[in-house]
Amino acid sequence: MTQVEPTLAAPMPPSTIDLASIFAAHAERQARIDTLRPGNKDRLFDGLVVAGITHVTVTFDGEGDSGQIERIAAWADEAEVEFPAVEIPYAALTWDNPEVEMRQLSLQDVAEQLAYDFLSDTHGGWENNDGAYGEFCFDAAARTIHLEFNERFTSSELYTHDF
């Protein structure tokens with residue numbers, strides 16, 4: 001019987017991927033997106049005030065690697081109202097074009113887009129595993145956005161005993 005000695009595979013060549021430049025490009029893109037957000041918020045709040053909407057609530061829920069906006073509601077003080085059929089400019093960057101793209105979106109769509117953006121910024125992966133749920137409140141008078149975020153998780157505790 002002949003014994004065969006294992007052989008080592010040839011070493012892999014060094015990577016030609018420049019991770020530093022990839023991370024730098026991502027950081028630059030994110031910084032550009034961050035500069036667009038205040039203008040988008042201002043246009044949304046202006047549009048809500050003109051429409052007589054005092055605040056908007058956006059509820060979301062996610063788990064098991066998927067998540068979604070469950071409900072978007074507009075309010076005039078304590079009364080729920082319909083969103084008007086109004087569109088406002090929304091500034092965005094697309095993945096394939098470094099130039100700012102101005103889109104015309106409804107007030108409701110802008111609130112939804114901003115909610116997704118803020119979830120991604122503050123709690124990236126909110127839809128994964130046990131997920132999370134919560135609510136945004138866009139206060140038009142105060143020009144603020146408040147997020148209540150509830151994270152779900154599974155816990156396990158081990159106890160051992162020797163007697």
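What follows is a short tour of selected contacts in this structure, which is a predicted model.

**Two helices that pack**

Two packed helices are described by the angle between their axes and the distance between the axes. Here, helix 1 and helix 2 (residues 107–122) pack at an angle of about 145 degrees, and their axes lie 10 Å apart. Their crossing is left-handed. On the helix 1 side, the contact is made by Gln30, Arg37, Asn40, Lys41, Leu44, Gly47 and Leu48. Helix 2 contributes Leu107, Val110, Ala111, Leu114, Asp117, Phe118 and Asp121.

Phe118 counts as buried because its relative accessible area is 17%, under the 20% cut-off. Leaving aside residues up to four places away in sequence, Phe118 touches Arg37, Lys41, His123, Phe136 and Ile145.

**Charge pairs**

Side chains of opposite charge can pair when their charged atoms come close.

| Salt bridge | Closest N and O atoms |
|---|---|
| Arg37 and Asp121 | 2.3 Å |
| Asp61 and Arg152 | 2.7 Å |
| Arg103 and Glu101 | 2.6 Å |

Take Arg37 and Asp121, which form a salt bridge with their closest N and O atoms 2.3 Å apart. This pair links distant parts of the chain, with Arg37 in helix 1 and Asp121 in helix 2, 84 residues apart. Is Arg37 buried or exposed? Arg37 counts as buried, at 9% relative accessibility, whereas Asp121 is partly exposed, with a relative accessible area of 39%.

Asp61 and Arg152 also form a salt bridge. That pair, too, links distant parts of the chain: Asp61 belongs to strand 1 (residues 55–63), Arg152 lies in the segment after strand 7 (144–151), and 91 residues separate them. Asp61 is partly exposed at 24% relative accessibility, and Arg152 is partly exposed at 27%.

In the Arg103 and Glu101 salt bridge, Arg103 counts as partly exposed at 29% relative accessibility. Glu101 is partly exposed as well, with a relative accessible area of 33%. Elsewhere, salt bridges that share partners join Asp34, Arg37 and Asp121 into one network.

**Arg32 and its neighbours**

Another arginine of helix 1 is Arg32. Its relative accessible area of 30% makes Arg32 partly exposed. Which residues does Arg32 touch, not counting those up to four places away in sequence? They are Leu93, Pro98 and Val100. Arg32 and Ala92 are 60 residues apart in sequence, and their C-alpha atoms are 9.5 Å apart in space.

**A nonpolar patch on the surface**

Finally, to the outside of the model. Ile17, Leu19, Ile22 and Phe23 make a nonpolar surface patch of about 440 Å². Ile17 is found in the segment before helix 1 (19–50). Ile17 is exposed, since its relative accessible area is 55%, and exposed means over 50%.

Methods. Residues numbered from 1 in each chain as written. Predicted model: local features only at pLDDT ≥ 70, side-chain atom pairs only at ≥ 80, totals over all residues. Heavy atoms only, no water. Patch = residues over 30% accessible without salt bridge, like charges linked within 9 Å, V, L, I, M, F, W, Y side chains within 5 Å. Areas by Shrake-Rupley, 256 points an atom, 1.4 Å probe, with all protein chains shown as cover. Salt bridge = Lys/Arg side-chain N within 4 Å of Asp/Glu carboxyl O. Helix = DSSP H or I, 4+ residues; strand = E, 2+ residues; numbered from the N terminus. Buried < 20%, exposed > 50% of the residue type's maximum accessible area, 1.4 Å probe, protein only. Axes fitted to C-alpha atoms, helices over the stretch in contact; angles between N-to-C directions. Left-handed = near helix turned anticlockwise from the far one by under 90°. Contact = heavy atoms within 4.5 Å.
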